[in-house]
Amino acid sequence: MAVPLVDSYGRVHRDLRISVTDRCNFRCTYCMPEDGLAWVPREEILTFEEIERVARLHVERFGFDSIRLTGGEPTVRAHLPVLVAKLAALGVDLAMTTNGSTLRTSAGDLRAAGLRRVNVSCDSLRPERFAELTRRDGLAAVLDGIDAAVEAGFDPVKVNVVCMEGVNEDEVVHFATFGRERGVEVRFIEFMPLDADHAWSAVRVVPGDRILAAIADVYPLRPLVRGDEPAEVFEYLDGRGRVGVISSVTAPFCARCDRVRLTAEGRLRNCLFSMDEIDLRSLLRGGATDDHLAAAVTACVAAKGPGHQIGSVTFVQPPRTMSQIGG
Ligand code: SAM
Ligand code: SF4
């Protein structure tokens with residue numbers, strides 16, 4: 001019988017985000033440094049068996065019903081469908097966040113292995129700007145990857161757009177049009193201070209409200225009832241799909257956050273902005289029982305704070321970049 005994993009603020013946790021690698025074939029300016037990061041040595045990365053054990057513990061002990069694979073870029077991890085099959089067997093809602101660049105070759109295998117949903121990150125529809133932002137000439141492959149995901153039967157396919165002042169804000173309506181035409185749900189994400197270059201500043205954040213106003217000017221919208229997810233989702237009045245904003249900075253979701261994050265080297269984090277982590281890999285490799293692991297997970301979530309303090313003088317950016325946490 002599963003016991004809910006509740007923190008001291010009463011939030012029940014049921015969503016596990018698993019980073020399967022810290023490596024990535026892109027170098028997005030808002031995430032990684034131009035020269036990349038020192039990759040974690042292969043032997044320090046959790047094996048599929050270790051990941052499955054941690055995931056199973058969350059599902060069977062604590063009733064988690066949602067798992068999302070991320071990275072780095074999850075599709076650069078060899079044999080990913082093998083892991084997907086192991087996690088799909090747990091009977092959870094299994095999703096992945098990817099830069100989409102390899103989906104043309106991998107989408108079918110991932111779908112067949114039991115992956116249900118994908119979010120593809122894409123921050124510009126202009127090839128040159130895309131290349132500047134990702135430091136890779138990859139827009140055509142990503143757009144083809146989005147099509148491949150739809151063709152493989154992922155439903156829904158969502159497109160994540162990190163919206164930044166003076167960088168890609170002028171593409172908001174273009175992205176909305178793209179989503180309507182391709183049958184994908186576009187989600188605009190506010191820029192967060194988790195970039196390797198520490199170039200984040202509040203003035204570069206485009207507030208979700210401003211994004212919605214720009215879209216609604218062209219395509220009238222109606223809000224949908226907000227579920228247990230960070231996105232505020234809207235429906236186009238003409239029935240051509242949905243669009244969402246994740247206002248993590250201007251309207252934090254912390255009071256309802258139900259996520260726990262596992263890094264590629266097996267550290268458990270109770271928040272994107274957490275300064276502390278629990279070293280599950282040492283426990284896993286040191287012969288810990290499931291009771292020991294469960295106690296560590298419980299302690300991690302119990303230590304969770306009320307929410308991030310972005311914008312306040314007390315906020316300190318964590319040492320990990322988004323690519324080392326997983327988003
Ligand atoms: N490589 C995959 C990808 O790009 O989708 C998965 C990992 S990536 C770290 C997960 C998500 O975090 C992506 O949607 C990415 O756009 C987002 N992200 C990265 N850095 C961010 C930042 N500083 N602020 C907001 N979102 C960010
Ligand atoms: Fe790689 Fe994703 Fe970070 Fe871009 S956002 S550098 S694709 S991990």
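By class, the shell around ligand 2 holds five nonpolar, three polar and no charged residues (Ala, Val, Leu, Ile, Met, Phe, Trp, Tyr, Cys and Pro count as nonpolar, Asp, Glu, Lys and Arg as charged, and the others, Gly among them, as polar). Its members are Cys24, Phe26, Cys28, Cys31, Met32, Gly72, Asn99 and Ser323, where a residue is near a molecule if one of its heavy atoms lies within 4 Å of it.

This is a predicted model, in which local features need pLDDT of at least 70, side-chain atom pairs count only at pLDDT 80 or more, and totals for chains, interfaces and linings use all residues. Residues are numbered from 1 along each chain as written, chains are lettered from A and ligands numbered from 1 in written order, and side-chain values use heavy atoms, without hydrogens and water.

Strands are DSSP runs (E, at least two residues) and helices likewise (H or I, at least four), numbered from the N terminus. Two strands pair if DSSP finds at least two bridges between them.

| Pair | Sense | Bridges |
|---|---|---|
| Strand 6 (residues 117-121) and strand 7 | parallel | four bridges |
| Strand 7 (residues 157-163) and strand 8 | parallel | six bridges |
| Strand 8 and strand 11 (residues 242-246) | parallel | four bridges |

Val118 stands opposite Val157 in strand 7. Lys158 has Glu185 in strand 8 as its bridge partner. The chain crosses from strand 7 through helix 6 (residues 172-182) to strand 8, a right-handed β-α-β crossover (clockwise from the first strand over the helix to the second, with the strands pointing away from the viewer). Val186 stands opposite Val243 in strand 11.

Seven of the seven residues of strand 7 are buried (under 20% relative accessible area, with exposed over 50% and partly exposed in between; 1.4 Å probe, protein chains only). In strand 8 (residues 185-190), six of six are buried. Glu185, Arg187 and Ile189 lie on one side of strand 8, and Val186, Phe188 and Glu190 on the other.
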